[in-house]
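Visitor: Please show me the model. I would like to go through its charged side chains.

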Amino acid sequence: MKKILVLIPHRGLGDLVYILPLLKSLYQTYTVKIDILSNLSNKAKYVYENEDFVKSIQEFELDHKNLIFNIKKKLEYLSKINSYKANLLIVTGRHSSLIIPYHLSNAQNKKMFDLFFFNSRDPKTKNLLSCKKIYNNTKNLNLKSFTKNFKLKLSKRNFLEKSIFFNIDSHHGQNNWPIKNFIYIINKVKYNFDRVFINFSPNNISFIKEIPENILSSSNITLTYQFNFNKILQILQSCQIVVGNESGLICLGLSYGKKVISIYDEKYTQPESSIINGDVKYFNSTITKEEDIIEGILDTLNLK
């Protein structure tokens, strides 16, 4: 196999972790580095920058979902795909706007995960969680070398002595545990760590109104919303513990081998990050009282 192109339409950080067994297995099977064409929103160029399997990473905007309309965009996608002249093309998820470019591509061998016939969904995987869809599709490729390895390499930077990372929002917001609970825990642990980082999206800048002055003015507490993603990734890698809502950053924390505490609301999500394995404790906010979760987190941190 001379050239492999993996096209990643997924938007989420967690999906980049779930795709790792595919990328590592391809690299081990064919012993060639991989070209990656990835949705701009998932920050793949930062997440994968230290990985051995990478030949190149190019990002592109994938901001519409339709099978037929917007032909100009589809021709752009087709041109991008064909420019690699890949022997093997793998698209890691069924995306309507990529179906026609996928079928028309010049790749000698190709596979789009979750695609059954032309544009229909694969009935075997359509009801699975994203993590299991990607994993099952990877296994079904029957590669000579398959590895269930979800680990990312840490960058070679100086790590902070004792630090903790709180992620107090999630991608869609429905899974968010009340900020007041995080504040209570942070006040309990802030003197036990050299550095405490509080992360939330710049889109949720209004969260600052819920954070008391004693935390905002604390010398060892840093809010990360103004940092670029690469800086946040460096901070995450430097922390020993990651606490927060089930999200892509929780997946990254596990992938980096951190001690992780994840809170999820089963009405909106499941703990997909559990497929990664590692040192993790889950709390289901749907069935567990807030005070019991707080007590459980402090107990997990040995700070009860």
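Guide: A salt bridge here is a side-chain nitrogen of Lys or Arg within 4 Å of a carboxyl oxygen of Asp or Glu. The model is predicted, so local features need pLDDT of at least 70 and side-chain atom pairs count only at pLDDT 80 or more, while totals for chains, interfaces and linings use all residues. Residues are numbered from 1 along each chain as its sequence is written, and side-chain values use heavy atoms, with hydrogens and water left out.

Visitor: In which helix do K73 and E76 both lie?

Guide: The two residues are three apart, about one turn of the helix. Helices (H or I, at least four residues) and strands (E, at least two) are DSSP runs, numbered from the N terminus. The helix that holds both K73 and E76 is α4.

Visitor: Is K73 buried, partly exposed or exposed?

Guide: Buried means under 20% relative accessible area, exposed over 50%, and partly exposed in between, with a 1.4 Å probe and protein chains only. The relative accessibility of K73 is 24%, so K73 counts as partly exposed.

Visitor: How many residues apart in the chain are D52 and K153?

Guide: Their side chains meet in a salt bridge of 2.6 Å, N to O. D52 is in the loop between α3 (44–47) and β3, and K153 is in the loop between α6 (130–139) and β6 (163–167). D52 is partly exposed at 39% relative accessible area, and K153 is partly exposed at 37%. The pair links distant parts of the chain, 101 residues apart.

Visitor: What is the distance between the closest N and O atoms of D279 and K259?

Guide: K259 lies in strand β10 (259–264) and D279 in the loop between β10 and β11 (280–284), so the pair ties together parts 20 residues apart in sequence. D279 is partly exposed at 45% relative accessibility, and K259 is partly exposed at 25%. The two form a salt bridge, with the closest N and O atoms at 3.9 Å.

Visitor: How many salt bridges does a search of the whole structure find?

Guide: The search of the whole structure gives a total of seven.

Visitor: Where is K65 placed?

Guide: At 70% relative accessibility, K65 counts as exposed. The location of K65 is the loop between β3 (54–60) and α4 (71–83).
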